Amino acid sequence: MTQSYKTILVAVDGSTGAELALHKAIHVAKRNQARLVIAHVIDTRALHNVVAFDASVYETLEKEAELLLEEYKQSAVEAGLAEVQIYIEFGNPKTLLAIDIPKETGADLMLLGATGLNAFERLLIGSSSEYIMRHANIDLLIVRDGEKSL
C-alpha cells in the first residue's frame, strides 16, 4: 500500500533549514500531485512589549513575510506545481503549526526544518519541531541539513 498525500504543508521562517524543507516539500507535492501550502507564523509572544510602543511592527513583519512567501510560491510554481497557497498567521508558532493551521488548510503531511537550537537553548525554550511532533495529528517529515550532522 502506497501512502498518497493531497495537501502538503511546509512551515517556513526564512532559515536555511526551512528552505531545505520547502525544496523537499515541492518535490513531495509534485510526486503526489498535491496542493502545497507554505505557512509562516509571526511569533507575537516576543512582540507584546515592542508593539505597545509601535503598532507598525506587525504590519512591517507581515509585509516582509508576504514578500518571502510570494518568492517561495513563485519557486514552487516554476518547479511545476499547479496549486500553491501561502498562509501567514500571528501567534504562537508551536500551537498554530501543530493543530490550527493543519486543520484549517486540510493538510495531511507537514514538513519542518530541524531546529537550529543547541541542547541548552532547547532546554530553556524548547524546540518548535519537538512540540509539533508531540501534538500534531498529521504525518510529519523533519528535514535535516545533512552537512551539519557530519
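Mentor: Let us begin with accessibility: a residue is buried under 20% relative accessible area, exposed over 50%, and partly exposed in between, with a 1.4 Å probe and protein chains only. This is a predicted model, in which local features need pLDDT of at least 70 and side-chain atom pairs count only at pLDDT 80 or more, whereas totals for chains, interfaces and linings use all residues. Residues are numbered from 1 along each chain as its sequence is written, and side-chain values use heavy atoms, with hydrogens and water left out.

Trainee: What is Glu 19 in contact with, beyond its neighbours within four places in sequence?

Mentor: Glu 19 is in contact with Gly 14 and Tyr 72, contact being heavy atoms within 4.5 Å. A C-alpha distance is another kind of value: Glu 19 and Gly 113 are 94 residues apart along the chain, and their C-alpha atoms are separated by 7.7 Å.

Trainee: How do you know whether Gln 33 is buried or exposed?

Mentor: Gln 33 has 76% relative accessibility, so it counts as exposed. This residue sits in the loop between helix H1 (16-32) and strand S2, and although Gln 33 is not a glycine, its phi is positive, at about 50°.

Trainee: What makes the pair of Arg 35 and Glu 83 a salt bridge?

Mentor: The term asks for a side-chain nitrogen of Lys or Arg within 4 Å of a carboxyl oxygen of Asp or Glu. In this pair the closest N and O atoms are 4.0 Å apart, so the pair meets the cut-off. Arg 35 lies in strand S2 (residues 35-43) and Glu 83 in the loop between H3 and S3, so that the pair links distant parts of the chain, 48 residues apart. As background, side chains of opposite charge can pair when their charged atoms come close.

Trainee: How many salt bridges does a search of the whole structure find, and how accessible are Arg 35 and Glu 83?

Mentor: The search finds one salt bridge. Arg 35, with a relative accessible area of 16%, is buried, whereas Glu 83, with 48%, is partly exposed.

Trainee: Why are Glu 59, Glu 62, Glu 66 and Glu 70 described as a patch of negative charge?

Mentor: Patches are made of residues with over 30% relative accessible area and no salt bridge, with like charges joined within 9 Å and nonpolar side chains (Val, Leu, Ile, Met, Phe, Trp, Tyr) joined within 5 Å. Lys and Arg count as positive and Asp and Glu as negative, while His and the chain ends are not counted. Glu 59, Glu 62, Glu 66 and Glu 70 gather in such a patch on the surface. Glu 70, found in helix H3 (residues 56-78), has 40% relative accessibility and is therefore partly exposed.

Trainee: What does the term buried give for the protein as a whole, and how are its elements arranged?

Mentor: Of the 150 residues, 38% count as buried. The protein has six helices and five strands, and from the N terminus on the elements run β-α-β-α-α-β-α-β-α-α-β. Among contacts with a separation of 6 or more, 73% come from residues 24 or more positions apart.

Methods:
Accessible areas come from the Shrake-Rupley method with a 1.4 Å probe; for residues, only the protein chains shown count as cover. The place of a charge is taken as NZ of Lys, CZ of Arg, CG of Asp or CD of Glu. Helices (H or I, at least four residues) and strands (E, at least two) are DSSP runs, numbered from the N terminus.
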